[in-house]
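Please open the model in your viewer and keep the selection panel at hand.

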Amino acid sequence: MSISDKLDRVLTRAEEVRHLLATADGSQFGALSKELSELEPLVERVEALRAAIRARDEAEAMLGDPELRELAEDEYLAQKEAVPRLEREVRLMLLPKDSADERSAILEIRPAAGGDEAALFAAELFRAYQRYAESRRWRFEVLEYDEGELGGVKGAVAEIAGTGVFARFKYESGVHRVQRVPATETQGRIHTSTVTVAIMPEAEEVDVQINESDLRIDTYRASGAGGQHVNKTDSAVRITHIPTGTVVAMQEERSQHKNRAKAMKVLRARIYEAQRARLSEGRAADRKSQVGTGDRSERIRTYNFPQGRVTDHRIGLTLHKIDKVMLGDFDEIIDALTQEDEAARLAAEGE
């Protein structure tokens, strides 16, 4: 089907939905309203594109008239520039959307290679993501923070709630490498450490069906830097989903009930993300068009403190603003990754 035919179908469907809304009953009204609200931005861009094409062609036809040439030339050049931009916007809007893009997300960070230095950087990166979320007015709730020695973390989990969170954070999954001189290094040598980041779309109960009979729930006394009160009762919870072997442990709250609720939230997200990954593996063309696989084992970025640079290896982007990035300024990196992913998906659509 040609792009023009696709656009005709969009306009036709939008008109059909408007007519159906006029006579829809309560059970249909909500679904039709939602469909129209999703179609209208695309309809607006399609109409703008077609208006620009008409204006360009009309101005081009007048270029041969000596009396109108000067007036027509400015209009022709303006519309000639506008048409490719509008075409790209429309093609992007026609691409299949990731249904999880508008969701909130679960963030998990864990130190990998590098001992205490990896744990310290994991804590710093966790705080950087928190600052980024707060700058966009998203709610950042710490679900688990297993503090280690020297101010580092053995693992940290957070829920980032808001519209479009997953779309912005999804490119962060993978291995993040840090190169710097640790505070404990007496010889001034640069050490290389790594942390793993996992970003998962938050799952609703309707997305993942979990039977109570498939769960093994263990309770135990919390330990670590949570305060003395956590050691007096069996408030910590470990939930094992037997069919998948997925295990989630929570001890952040004093209440066993609250720890269980948080653990179930993370468990659903992990199972949902595993299901999404299996579906993605079956779409070779879709995987080829993505910026990275989202695999936790893929090294995606290096933070080099002595040189003050951050390099994203997937797109070859290097920024000499590591201080700003560690204060939560990720927009330039995420924008570049989004644009690269869009370009790759457009190219794949054209094959």
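Which residues are linked with Glu 44 in a network of salt bridges? Select Glu 44, Arg 45, Arg 85 and Glu 89, which make up this network; a salt bridge here is a side-chain nitrogen of Lys or Arg within 4 Å of a carboxyl oxygen of Asp or Glu. The structure holds 29 salt bridges.

This is a predicted model, in which local features need pLDDT of at least 70 and side-chain atom pairs count only at pLDDT 80 or more, while totals for chains, interfaces and linings use all residues. Residues are numbered from 1 along each chain as its sequence is written, and side-chain values use heavy atoms, with hydrogens and water left out.

**Salt bridges**

Select Arg 18 and Glu 15 next; their closest N and O atoms are 3.1 Å apart. Both residues belong to helix H1 (residues 3-23), where a spacing of three residues separates them by about one helical turn. Helices (H or I, at least four residues) and strands (E, at least two) are DSSP runs, numbered from the N terminus. Arg 18 is partly exposed at 35% relative accessible area, and Glu 15 is partly exposed at 39%. On this scale, buried means under 20% relative accessible area, exposed over 50%, and partly exposed in between (1.4 Å probe, protein chains only).

Now move to Arg 180 and Glu 117, which form a salt bridge of 2.4 Å, N to O. Arg 180 lies in strand E4 (residues 174-180) and Glu 117 in helix H4 (residues 115-135), so the pair ties together parts that are 63 residues apart in sequence. Arg 180 is buried at 11% relative accessibility, and Glu 117 is buried at 8%.

A further salt bridge joins Asp 312 and Arg 314 (2.7 Å, N to O); Asp 312 is buried, with a relative accessible area of 2%.

**The sheet**

Display the strands. Eight of them form an open sheet of mixed pairing, in the order E2-E3-E1-E5-E4-E9-E10-E11. Strands E2 (139-147) and E11 (317-319) stand at the edges with a single partner strand each, so one side of each has no neighbour in the sheet. Two strands pair if DSSP finds at least two bridges between them.

Select strand E9 (residues 299-304). Five of its six residues are buried, so E9 is largely enclosed by the rest of the structure. E9 runs parallel to E4, joined by five bridges, and Arg 301 in E9 is the bridge partner of His 176. With E10, strand E9 pairs in the antiparallel sense over four bridges; Tyr 303 stands opposite Val 310 in E10. In the hairpin of these two strands, which has four residues between them, Gly 308 takes a positive phi near 65°. Strand E10 (residues 309-312) also pairs with E11, antiparallel over three bridges, and there Val 310 stands opposite Leu 319.

**The nonpolar cores**

Finally, select Leu 107, Leu 125, Tyr 129, Tyr 303 and Phe 330, the residues with the most contacts inside the largest nonpolar core, which has 38 residues. Such a core is a set of buried Ala, Val, Leu, Ile, Met, Phe, Trp, Tyr and Cys residues joined through side-chain atoms within 4.5 Å. H4 gives the largest share of this core, nine residues. A second, separate core of 19 residues includes Val 208, Ile 210, Met 250 and Ala 263.
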